[in-house]
Amino acid sequence: MTKPLFHRIYKFKNLTPRQIAYTCAGISSGLLLLFIIILNVSGLTSLPFLYQLLLAILNFCTIYLLCIFFIDKFIYRRIKLIYKIIHDKKVSLSKDIETNPPFMTDMIDDVEIRVTGWVENQQATIERLRTMEAYRRDFLGDVSHELKTPVFNIQGYIYTLLEGAIDDAQLRDKYLNRAAKNADRLQKITEDLESISKLELGSLALDIKKTDIRQLVDSVFEEYELKAAKQNIRLMYKEGASSGFQVMADKHYIRTVMSNLISNSIKYGNPGGVTKVAFYDMDDFVLIEVADNGIGIEKHDLMHIFDRFYRVDKSRSRDVGGSGLGLSIVKHIIEAHNQTINVRSTLGKGSTFSFTLDKYKK
């Protein structure tokens, strides 16, 4: 019996405006009838029953209209103002205020739903802004950290030469070469940052046209042949990839993608290892895979692998060079082609990066 009682009390506390008016009018009319009955019993009045009934009906209608009037004037109009403010602020609402009837039967419940939705929307916006602010702080910290190392190195070499080491021909050439390498690294970072900025802003126009993906990879293999030989790593195709596919892509930027992926497979590969490229027919798409049997990536690093400046092995990454932006650029280029890139890896066994491109249709 306890639950139904509380349930009825709860429902009574959440009456609609019309139900409130009906309740007040009913209570008032009931009390009036009770008062008239007491008067009749005591002999203080002798009004006919019809007049008593008409008086009760008139009282009911009067109290009902008064309740509706005051609810509309002092409650509903203020709630409607809240609707208008929210609407004017362009917060997403399910209905326009002006299309609502003048007396909504579920007005209180409706405004609760709308204001709750508005609050949730604002909380989501605040959380998004906080996330963006944290990302901005991390990004600025990463940029300053990446730029600081080559700048300090260049300063160190130049100041050492100015302090007298320039007279030592062997030391002079050594320091100048190192300063030049660090200057190249600075240039690489700035170029990669510019590329990411253009890709994110959508201001980089892609030249999508028919491209032979096998020929493109061949040219990348030729570019990294000597680098791979120094690491004793073989560059090859998987079985079934002897004949390439024609895809619809921006040749220049997809070459950048393949260069980054193959370069990384060499950097983080084991001596005597292999980098394999494969192509798979996926009806409307071509799946391209770049696999190696190198050091691999731990699970907790996989979700961050495409983040700017994120390095799996920070000490080794800085030794082998690079801007730390390569995979982030790769992701943006693939997404600019309306495709996705994925990675799977096992620590100590290697990694496989895969992405799709639209197949060329005659």
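Which helix is Asn 260 found in? Select Asn 260, and you land in helix α8. Helices (H or I, at least four residues) and strands (E, at least two) are DSSP runs, numbered from the N terminus.

**Before you go on**

This is a predicted model, in which local features need pLDDT of at least 70 and side-chain atom pairs count only at pLDDT 80 or more, while totals for chains, interfaces and linings use all residues. Residues are numbered from 1 along each chain as its sequence is written, and side-chain values use heavy atoms, with hydrogens and water left out.

**The whole chain**

Zoom out. The chain has 11 helices and 7 strands. Of its 362 residues, 33% count as buried. Buried means under 20% relative accessible area, exposed over 50%, and partly exposed in between (1.4 Å probe, protein chains only). Contact means heavy atoms within 4.5 Å. Among contacts in the chain with a separation of 6 or more, 72% join residues 24 or more positions apart.

**Stop 1: Asn 260**

Return to Asn 260. This residue is buried, with a relative accessible area of 17%. Leaving aside residues up to four places away in sequence, Asn 260 touches Gly 326 and Val 330.

**Stop 2: α8 against α11**

Now select residues 251-267 for α8 and 326-336 for α11. Their axes come within 9 Å and cross at roughly 145 degrees. Axes here are lines fitted to C-alpha atoms, for helices over the stretch in contact, and angles run from 0 to 180 degrees between N-to-C directions. The crossing is left-handed: the near helix is turned anticlockwise from the far one by less than a right angle.

Show the side chains. From α8 come Tyr 253, Ile 254, Thr 256, Val 257, Asn 260, Leu 261 and Asn 264. They meet Gly 326, Leu 327, Ile 329, Val 330, Ile 333 and Ile 334 in α11. By class, this contact has 9 nonpolar, 4 polar and no charged residues. Ala, Val, Leu, Ile, Met, Phe, Trp, Tyr, Cys and Pro count as nonpolar, Asp, Glu, Lys and Arg as charged, and the others, Gly among them, as polar.

**Stop 3**

Color the buried ones: Gly 326, Leu 327, Ser 328, Ile 329, Val 330, His 332, Ile 333 and Ile 334.

Next, pick Asn 338, in the loop between α11 and β6 (341-346). Its phi is positive, about 60 degrees, although Asn 338 is not a glycine. Is Asn 338 buried or exposed? Asn 338 is exposed, with a relative accessible area of 69%.

**Stop 4: the core**

Select Ile 213, Ile 254, Met 258, Val 277, Phe 279 and Phe 355. In the largest nonpolar core, which has 40 residues, these touch the most other members. The largest share of this core, 7 residues, comes from α8. Such a core is a set of buried Ala, Val, Leu, Ile, Met, Phe, Trp, Tyr and Cys residues joined through side-chain atoms within 4.5 Å.

Center on Ile 254. Its partners beyond four places in sequence are Ile 213, Leu 216, Ala 249, Ile 333, Ile 334, His 337 and Leu 357.

Then go to Val 277 in strand β4. Val 277 is buried, with a relative accessible area of 0%.

**Last stop: Asp 283**

Finish at Asp 283, in the loop between β4 (274-282) and β5 (285-292). Its phi is near 65 degrees, a positive value in a residue other than glycine. Asp 283 is exposed, with a relative accessible area of 63%.
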